[in-house]
Amino acid sequence: MALDLHTVTSGRRAGMVDRLTADGVLTDALLRDALLRLPRQVLLPHAYVRVSGPGADPIEWRLLDGSHPDDQEEWLDLIHSDESILLQRDGEPLDALPRGPVTGGHMTSMSTYTPATVEALQTMELGPGHRYLELGPGPGVSLALAATITGPGLATGLERVGHMTAFAQRILDRLDVDATVVEGDALEGHEARAPFDRIHSGIGVPCVPSAWGEQLAPGGRLLTTLTTRTPSWPGQLLATRTGGGEIEAVLRGRPRGYRPMLGYRWLNAVPMRPRIKADPGIPRPTRLAPPPDDAYGFWLAAAYLAPGLVRDFQAETMTITAPDEDSWAVAGPGEATVRVHGPRDVWAELEDVHARWVLAGRPDRYRVTVPEDGGPQHVTSGTGLRALRWVLPPLAPVPRQPAPLPDRVPRGESPVSLFHATADAYGRHRPGLPDEAVHLLAGTLRGVRRPALVDLGTGTGQVPAALLPVLPQLARLDLVDADRDMLHQADLALRPLLAGRVAAFHAVRAEEFTAPEEGYRADLLTCARAFHWMDRPTVLAMADRVTAPSATLAIMSDGSVWTHSAPWTVALRELIQSYLGAERRAGTTETYTAPGRRYEDDLAESAFSDVEEHHFPLRRVWTPENVVGYLRSTSFARPSLFGDRHLRFETEARALLEQHAAAKDGLVEDGVFDVLLARRPGGPR
């Protein structure tokens, strides 16, 4: 017997609304009326349910057709529940989907679970008369609710997929809801109907696209999920435009968030389960009991300050993996033990982030700057020295391909793992290039029209950042580094300086860099403070292949705090040795070995045997906080080397540095910045 859908669904909508109200989720009277008014059987005429379990490949699905009597009970239960509703597989047309079992494919559109929709619309404080833009509305459920509140003709949805655009518009027309769905790129917003009083993004983005801020009206509110590579710890950003025209934004950790923008790949812990089960790792003591799941402020900070981690929420005990580094940490047995595996000490990084989070006052929300010029978006928990800080990654992330490991890097350590999770500290605390060295490099390109630069081991992009302001003719930059997080920081630093010039980021070892296009030839190839980590003959052979006949190769170095001989650096080195042993460390498993011979000898046996030496005296004056930040960026004193003793080490280091800073000589480093300029014999100088 067929169901009387009007009667049945009216009762189910009322039950759904009463449940949301009783749970404290639904508090807005206008939204309550909209939920009661809009029939969900029209909004969601079908739904996929997953039949196969986690990790199955291919996945088995079943399509519930709301018009079929055999499906109606299950379909009605589902669309009035608090679950997400899966609606589209592999971008398929939605006109006449066959009911029943389906094999394979992935979901490309869904309706977010109702409590999240309610929370989002209430957070935006939506009201009558507001001009509303929804980015990625999917089937249009939240758009229909918003349009019911704002009034006729004020709500717009911007959907990337043509099939879904047409489907959502048909549904709105059937409901007689006066809202418009247009096809387009959500990242560009919808300038034709701007400005908007409320902007709601149904897709996760790594940072706020500049178009969204530009299209937000004075007094307006913008709500979006900020996504990282991990799906485990999403953030929700609420931005408001003040009466003065500035954008103020607050970021909070949340238990769930929207799926990321197209092309953004999340890390996945599932393929690692069999190996973790077979070998959970080596047990060691820890002072960090597994933090509670609802410590959202901590987990959000971990997503950025210990990037590349993903949690397996279906594991029996807390299990956090680093898939790119083949590493993991499994909590237990007991609260004082953790088991770790792989070259990356995942738990040590979480211990470090947790200690910093506690010192920062256990923040649960963070301020975000959203510059009008599209510059880097900085996140901070406060203004003090102990505040947590990071920079949001750009909209176009560098492809994350794991790089093969060079033979000369210590066993078990990759170029990525040697400096992993230090990109922020590296960018903020590593000294830049002296002006004399910058002008020397610029002089090598005098008379070259539209030159191209390759920077090997670029780190956070200090060399190109120094050269761009003095080389307006520089046409192309290729930045090479095996550490993808370093490249993210470089991208952020260089974007305001590029002014239309091409910058390409290559997440590979220097030894494996190849010409990015046929006929490519670089005019200047630089390598600062990184040549000692490389297979130098291989790099020099590569340089011969990718550079112009008249090109210059510049190798730069200036020592480190470890090798400096001032009283304060000696005392600091002795403190590090008291924790880590007498030998200089180079990652978690090995000690540092200096290059076996001089760079000049390597160059003499290469195509670049015509060598000039330049030596620039320099003086640096440090502060205690800068030194501590610098140490975090090094391979010999990064936080993971100290395990649960890192907080104690930094406390002692600060006290030592403050004592020396107050002395007559202070924290002064007198050194020399060395530059080797190498060319092919007989070439122009």
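Where does Val 177 lie? Select Val 177 and you will find it in the loop between α7 (162-174) and β8.

Before going on, note that this is a predicted model, where local features need pLDDT of at least 70 and side-chain atom pairs count only at pLDDT 80 or more, while totals for chains, interfaces and linings use all residues. Residues are numbered from 1 along each chain as its sequence is written, and side-chain values use heavy atoms, leaving out hydrogens and water.

**Stop 1: Val 177**

With a relative accessible area of 11%, Val 177 is buried (buried means under 20% relative accessible area, exposed over 50%, partly exposed in between, with a 1.4 Å probe and protein chains only). Leaving aside residues up to four places away in sequence, Val 177 touches Leu 38, Ala 144, Ala 147 and Leu 172 (contact means heavy atoms within 4.5 Å).

**Stop 2: the sheet**

Helices (H or I, at least four residues) and strands (E, at least two) are DSSP runs, numbered from the N terminus. Follow the ten strands of an open, mixed sheet in the order β8-β7-β6-β9-β10-β11-β12-β18-β19-β20.

Next, colour β6 (residues 132-135) and β7 (residues 155-159), which pair in the parallel sense over four bridges. Here Tyr 132 stands opposite Ala 155 in β7. Then show α6 (residues 141-150), which lies across β6, β7, β8 and β9 (196-205) and runs at about 175° to β6. Axes are lines fitted to C-alpha atoms, for helices over the stretch in contact, and angles run from 0 to 180 degrees between N-to-C directions.

**Stop 3: two packed helices**

Select α10 (residues 296-305) and α11 (residues 346-359): they pack at about 125°, their axes 10 Å apart. The two helices are therefore oblique to each other (under 35 degrees is roughly parallel, over 145 roughly antiparallel, 65 to 115 roughly perpendicular, and the rest oblique). Show side chains, and Gly 297, Phe 298, Trp 299, Ala 301, Ala 302 and Leu 305 in α10 meet Leu 350, Val 353, His 354, Arg 356 and Trp 357 in α11.

**Stop 4: helix α20**

Finally, pick α20 (residues 624-632): seven of its nine residues are buried, so this helix is largely enclosed by the rest of the structure. Highlight the buried ones, among them Pro 624, Tyr 630 and Arg 632.

How values were computed: Pairing = 2+ DSSP bridges.
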